[in-house]
Amino acid sequence: MLAALAAATALGQTAQPEPQGFAGVRFTQAPATGKLTFKALRANVWREGNTRRLLLSGDTRVRIAQYEFVAKRAAVWMEPVSAPNEPPVMQVFAVFDELGDPAQPSSIGFQANRLPVRAVIRVEGKVELSTDAITNTPPVASKDDPDAAFEAEAQAALAASLTRTTTPATAPPPLPTVISAAAAPAFGPARSEPLPAPPPGPIEQQATAKLAGQPRDVIFAKDGLITLGAKDLTVVSGEDENSVVASGGVILVYQDTRSNRTLQLTAERAVVFTDPGQLADMARFTIAQVRGVFLEGDVTGSDGKYTIRGPQIYYDVRANRAVMLDAVFWTYDEKRRLPLYVRAKTVRQTAADQFQAEHAEFTNSAFFEPELSIGASSVTITRKDVPAEAESPLDAAAAKRAPTQSTTLLQADDVTMRGVGVPFFYWPTYAGDASQPPIRDFRVENRNGSGVAIKATINAYSLLGLQKPADRTWELMTDVYFERGLGIGTRLGWNNESNKGGLFVYTLPYDVGTDVLKPGTKLEHDGDFRGIFTGEHRWRMDEKWSLFAEASYITDATFIDAFFENLGETRREFTNRLRADRVAGNSALSIESKGTFNDFISNEWLLQSQGYSVNKLGEASYARQADDLLKEAYPGLLSYWSEYRVGGMQMAFDEIQARKRGFTTDYLAQRAFGFNADQSYGDILRAQGLNESTVVRGDTRQELTLNAAAGPVKLTPFVVGRVTGYDNKFEAYSPDENDYARLWGSVGMRVSTEMQAVYDTADSRLFDIHRLRHVVQPNATIWYGGTTVDSSALPIYDESVESLTNGSMARVGATQILQTQRGGPGRWHSVDLLTVSTDFVFSSGEANSKSPIGRFFDYRPEYANPGNYFIGDLTYRVTDSLALTGATVYDFDLSQQAFGSAGVIIRQGPHFSISSDVRFINELDSTYWNMGATYELTNKYSVFAGAAYDLNAGGFQTSYVEVRRQFSAMLLGVSLGYNEITGETSFGFVFRPNGVVGEGRLTSGSSSNEFGS
C-alpha cells in the first residue's frame, strides 16, 4: 500500500490516499528532549487511530525540541511511542509549506518551498496548540481548497518517507539527526543506533584520558559521537593519520550521548582527520578517534544556542578549539529576549559556551543594513546560565519549571558605537551584559532658564571594563549645561537575599543658571553649590529581624523642583532614619529614630499639608494582631488587638518663605499654602503656639472584637480603649487644656451579608450579555467615640495617634456586582459587567471635620473624616474593549459635590487604546480634563498623545504628541510638548536599542528625570 502511494506520487498523481497514520512504522532515531508547540491562525484537529492529526494554516509556527519552523501551513502526524509507565515520547512527522521567516537572515533557520521533517521527541510538559479558530474534523477534499490540496501532498510525502524507512538501506550510514529531513534521500533511511566502538588502542586510551580532564563546557565531550553524511565519501589512509573526505553536500552531526547536546554542521565539503588504522565505519566516529574536522563552502553550524556561518571552519577536536574565518555568529539572550549578531574576520571557539572574535562588529539585528552596531578590535562572547527572573507573580510558576535562563556576556576592546555604519562614540574597553549598552541614556535638551544641555548616563561597570556583579548596578551621570555649568552624579543599587538598597548623588558644583519653578516663576543662581544625596539599605538579619537605614540631604529648597520634579511629587519623605523590625507570628516590634538636617521640606504632599516634619529621637512600638482569647472553647469568636509605643519627638518647621519658592505674590502663596509670600510655615506655626522642643509621648490602644453571626448576617461588635500621655501640657498651643494625658474610647458594630440571584435566560447581543448573576453585599457600621482632650488641642506628631475622631458616625452602604459570561462557545469566561458601590455617612455635630472631602475607613473609624456625605463608585464594562468609570463625593451639609470624576477607557487590542477622564474638586474650584491615546498605525509606526486641560483657566496644563518608528535594531521617535503654566515648549527625539531596558532621549525642552526614584 505504502509503495503504491509513493509510486503514485512519483508519477505526479494528486489523489488523496486513505488516512492510515504511521501504519505501524516506528522511527528508529534517538529521541531528543524538548517542547512540542504549534501556533497558527486556523487548525483542523482529528485522529487517525492512535495518530493525532493537525492541519495548520496561516502564520504557522512549530517548535520541535530546539528547532522552530515558520511556514504558511503545515500538516502534522503525532503518535505516542513510549510505554505506559515511561516518560512520554512522541513520534512526529510534519510537512511544511513555504517554510522560512522573512524576518530572519538567510544564515539562520530553515527555508524551503516544501520540507518534510520527522522527529522522535521526549516531550517536556504538554503538547501545546494556540489558534484563533479550531475545527475538529479533517479538511474536506477539494482541489480548489489550497489547504485540502496541501493535505493530499503531505499524505504522499508521509507515504514516501515510511516506504524509505521500511526499505533496507544500501547507501552509507546517514547522520543520527534528532530531526532529519525526508527530502534528503541520498543519505538513506534515518538511523540512530550507536555503532559498537572498536576496542580502544593506546592512542584512543591516551585521547580518552586527555578528554577526561576537560571542563564540563568543552566543545567535544569524551562520550560524544560524530556522524557524517554526504553524497560522496572517500577514505585516504596514511601511516600517521586517516582522512575521510566528504563532498557533494555534507551534514556533520556531533552528539554528546550524556547531555544530549547536539552540534549540527552543513557545508559543501568536509574532511574528518582520524587516528591511523582501519576504520570500522567511515560515516560514524567516536570522539576518541577524531583529531580534527575541516569544513569548507557555505559552512553553517548550530547547537541550538549558537549559530555560525562562514566559508571555512576548522575544529581541533583534541584541543577542544575551533577557528572560523570571515564568520557571522548569532545567539539569543533568553534573559533579555535579545538577539546578538557578530561579524568578524576571525572567530575562535574556546569552549562550548565561549567564542573570541577579532576585528568584530556586533549588533542586535541581521547584517543586511544594521542601523545600530558596535565595533571592537577584539571581543569575547560567553553564554551563561543565570537564575530565571519572574517579571510578575504570574511568572513565578514558569520560573520554577525553568529555574535558569541564558544570558550573553561580552568583553570587548576598542569599542566604537556606529549608527548606519558611521562611528559616533569610542571607549577603550567594555565588559558586561549584551543588553546593557555603554550609554544607558543620552539626551540634548533646551529648557527655559537652564538653556541647552547635553546629558549622558553611563553604564559604569561596562565602560570601566569591570565584571558586573549579579546583584549590583552602577551608573554615572555627566551633564553639561551651557548656561548652568557641569552636573555630575552617580546611582548605585544592590539586591540579594539578605541585603537591598541604593545610593543616589547628583550635584552642580557651580550653578549660574535659572530655576523655572512650579508656578512658572524664575529664580536666579550665582555660582551656588547645589545637589542631593539619598541612600537606603535594608538588611534582613534572620527570619524575624530586619534593619532599615536611610539618609537624605538636599542643598536648597528649590533643587528638587528644578531638577527632579517627579521626586517631589511622589517620593516618600526625605529624611534620615534607622529602624529595627521584628515580625514573629501575629506580633511586630519596631524601634526607630529619624530626623532631618534641612530646615525646609522638599516633599510637596508634606509641604502642602502640615508644613513640618517630625523628628523621632527614639521610639519603640509593639503590636499584636487578633489574639484568639477563646481558642480552645470557641475558636475565632473573640479577638484581642493591642498596641504600645513610647518615644521622644520634636517638630522640624519649614523655614523658607513662599517667595523663595517662586510664589512671589500673596495671591499665589495664599492659594498654595494659606499665608502670604513673605511668610514661612515656621512663622505661622510659632504664632499658633507650636515649638520645636522635644516631647516624650507614651500611647497604648486596646481593642476587643466579637465575631458573631445571625443566620447569613455577620455581626462584629467591637470596643476600643486608648491612653496617650505626654510630658507637656501644650499650654501655648491650647491654653484651655491642662492635662498631661488623653483618654479616648469607642464602641461600634459592623454588619454585613451577601445575597445573589442568577438569571439564566438573560441574553443580549447588543449589550454582550449571556446569563447574569446579581451579587448584593449590604454592609453598615455604627460607631461612637469619646475623648477627654479633643484632637484640635493636641499638636499632630502622628495622624494615627493625635488626629482621632470623636462623636458618633454611621455608614450604611452596599456593593452591587452584575456578572455575565462572554467569549462564545468553548471560550466562555466570567466578567464583572457592572460594579456599583454606594455609602451614606452621617455624623453628629460634635465630630469635627478634618478635610473638605469626606472619607470613611471601616477598619478604624477613628481615622475617618466626619461629616454628612455620600460616596459613590461605578465601573461599567460595556464590552471587553470599552469601560466606563465614575466616582463622586456629595456633601449634604453644603448641598454640593465635593469631588467628582468620570472617565472612559477604550482598548481595541494591543494596537489602539484611548482614555479620557474629568476630575473636579470643589474646595479648589478646579476641574481638569485628562486625555491620552495610543495608536499603532502599522507594525513599524505608532502614535502617542496626551493632554491635561484646565477647564477653569481655559488652557492646557500639559500636552504632548509622539510618533515612533520601529527599525530592526532600534526604535526612533519624535515628540512635541507644551506646558502652558511654565511656558515651556519641548521638542525631542526618542531613542532605544531593541532589547534594552529603558530608553534614551534626545530632547529639546522639558523632560522628566527619575534618577534616584
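Biologist: Which residues form a nonpolar patch on the surface?

Modeller: Bear in mind that this is a predicted model. The nonpolar patch is made of Phe442, Val444, Val452, Ile454, Val480, Phe482, Leu486 and Ile488, which together have about 610 Å² of accessible area.

Biologist: Which strands each supply at least two residues of that patch?

Modeller: Those are β21 (439–447), β22 (451–459) and β24 (485–495). Valine 480, another member of the patch, lies in strand β23 (residues 472–481).

Biologist: And is valine 480 buried, partly exposed or exposed?

Modeller: Valine 480 counts as partly exposed, because its relative accessibility is 41%, which falls between the 20% limit for buried and the 50% limit for exposed.

Biologist: Changing topic, how much space lies in the second largest pocket?

Modeller: The second largest pocket holds about 1000 Å³ of space, and of the 34 residues lining that pocket, Ile796, Glu799, Ser803, Lys850 and Ser851 are the closest to its centre. Helix α10 (residues 681–687) gives the largest share of the lining, with three residues.

Biologist: What is that lining like by class?

Modeller: The lining of the second largest pocket has 16 nonpolar, 14 polar and four charged residues.

Biologist: How many cavities of 30 Å³ or more are there?

Modeller: The structure holds ten of them. The second largest cavity has a volume of about 130 Å³, and the closest to its centre among its 16 lining residues are Phe574, Thr596, Phe600, Ile601 and Ser602. Seven of the lining residues of this cavity are nonpolar, seven are polar and two are charged, while β29 (545–554) and β33 (638–653) each supply at least two residues of the lining.

Biologist: On to charges: how many salt bridges does a search of the whole structure find?

Modeller: The search finds 53 salt bridges. In one of them, arginine 73 pairs with aspartate 97, with the closest N and O atoms 2.6 Å apart. This pair links distant parts of the chain, since arginine 73 is in strand β4 (residues 67–80) and aspartate 97 is in strand β5 (residues 89–99), 24 residues apart.

Biologist: Are those two buried or exposed?

Modeller: Arginine 73 counts as buried at 10% relative accessibility, and aspartate 97 is buried as well, with a relative accessible area of 3%.

Biologist: Which residues are linked in a network of salt bridges?

Modeller: Arg484, Asp511, Asp515, Arg530 and Asp556 are linked in such a network.

Note on methods
Residues are numbered from 1 along each chain as its sequence is written. This is a predicted model: local features need pLDDT of at least 70, side-chain atom pairs count only at pLDDT 80 or more; totals for chains, interfaces and linings use all residues. Side-chain values use heavy atoms; hydrogens and water are left out. Patches are made of residues with over 30% relative accessible area and no salt bridge: like charges are joined within 9 Å, nonpolar side chains (Val, Leu, Ile, Met, Phe, Trp, Tyr) within 5 Å. Accessible areas come from the Shrake-Rupley method with a 1.4 Å probe; for residues, only the protein chains shown count as cover. A salt bridge is a side-chain nitrogen of Lys or Arg within 4 Å of a carboxyl oxygen of Asp or Glu. Helices (H or I, at least four residues) and strands (E, at least two) are DSSP runs, numbered from the N terminus. Buried means under 20% relative accessible area, exposed over 50%, partly exposed in between (1.4 Å probe, protein chains only). On a 1 Å grid over the protein atoms alone, a cavity is a set of points where a 1.4 Å probe fits but cannot get out, and a pocket is an open set with protein on both sides within 12 Å along at least five of seven lines; lining residues have an atom within 4 Å of a point. Grid points are joined across faces, edges and corners, and a volume is the space filled by probe spheres set on the points. Ala, Val, Leu, Ile, Met, Phe, Trp, Tyr, Cys and Pro count as nonpolar, Asp, Glu, Lys and Arg as charged, and the others, Gly among them, as polar.
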